[in-house]
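Here is a short briefing to read alongside the model. Take a moment to get the view oriented, and then we can walk through it together.

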Amino acid sequence: MPDNQKRGMLETFLAYMIPNQSEPFWQYAQDVVTEAKRRGAPFIDAHRDKANIYTWLAWQNPPGRQLHNAIMERILNPQHPQP
């Protein structure tokens with residue numbers, strides 16, 4: 001659960017639920033978002049965590065799940081230990 005001490009929004013917290021086996025794709029999604037921003041993607045820096053998680057969710061099966069569906073369908077793992 002959020003500890004109300006770390007910065008971020010809901011998507012920041014949910015990134016802790018990405019399963020270990022998806023870590024390489026999670027890192028790549030962050031790299032892609034960074035490159036998109038460098039190329040002029042119009043999202044603001046405060047929304048980078050949103051861009052990261054929705055990019056990663058677009059690559060899942062099925063792609064583009066909403067956050068609550070991703071948890072219910074175990075695409076995101078609510079039991080994953082937080083780092």
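Which side chains meet in a salt bridge at 3.1 Å, N to O? They are those of Lys50 and Glu11, where a salt bridge is a side-chain nitrogen of Lys or Arg within 4 Å of a carboxyl oxygen of Asp or Glu. Because Lys50 lies in helix H3 and Glu11 in helix H1, this pair ties together parts that are 39 residues apart in sequence. Please keep in mind that this is a predicted model, in which local features need pLDDT of at least 70 and side-chain atom pairs count only at pLDDT 80 or more, while totals for chains, interfaces and linings use all residues. Residues are numbered from 1 along each chain as its sequence is written, and side-chain values use heavy atoms, with hydrogens and water left out.

**Helix H3 and its cover**

- Helix H3 spans residues 48-58; helices here are DSSP runs (H or I, at least four residues), numbered from the N terminus.
- Its buried residues are Asp49, Ala51, Asn52, Ile53, Thr55, Trp56 and Leu57, with buried meaning under 20% relative accessible area, exposed over 50% and partly exposed in between (1.4 Å probe, protein chains only).
- Helix H1 (10-14), helix H2 (23-38) and helix H4 (67-72) are among the elements that cover these buried residues.

**How H2 meets H3**

- H2 and H3 pack at an angle of about 125°, and their axes are 9 Å apart; axes are lines fitted to C-alpha atoms, for helices over the stretch in contact, and angles run from 0 to 180 degrees between N-to-C directions.
- That angle makes H2 oblique to H3, given that angles under 35 degrees count as roughly parallel, over 145 as roughly antiparallel, 65 to 115 as roughly perpendicular and the rest as oblique.
- On the H2 side, the contact (heavy atoms within 4.5 Å) is made by Phe25, Trp26, Ala29, Gln30, Val33, Thr34 and Lys37.
- H3 contributes Arg48, Ala51, Asn52, Ile53, Thr55 and Trp56 to this contact.
- Ala36 also lies in helix H2, and at 30% relative accessibility it counts as partly exposed.
- The C-alpha atoms of Ala36 and Ala51 are separated by 9.9 Å, with the two residues 15 apart along the chain.

**Salt bridges**

- The structure holds five salt bridges.
- In the pair that links H3 to H1, Lys50 is partly exposed at 29% relative accessibility, whereas Glu11 is buried at 5%.
- Arg65 and Glu73 form another salt bridge, at 2.6 Å from N to O; Arg65 is partly exposed with a relative accessible area of 24%, and Glu73 is partly exposed at 36%.
- Salt bridges that share partners join Glu35, Arg38 and Arg39 into one network.
- Within that network, the closest N and O atoms of Glu35 and Arg39 are 2.8 Å apart.
- Glu35 is partly exposed, with a relative accessible area of 28%, while Arg39 is exposed at 68%.

- Pro63 sits in the loop between H3 and H4.
- At 53% relative accessibility, Pro63 counts as exposed.
- Leaving aside residues up to four places away in sequence, Pro63 touches Leu57 and Ala58.
- Leu57 is one of the buried residues of helix H3.

Methods
Helices (H or I, at least four residues) and strands (E, at least two) are DSSP runs, numbered from the N terminus.
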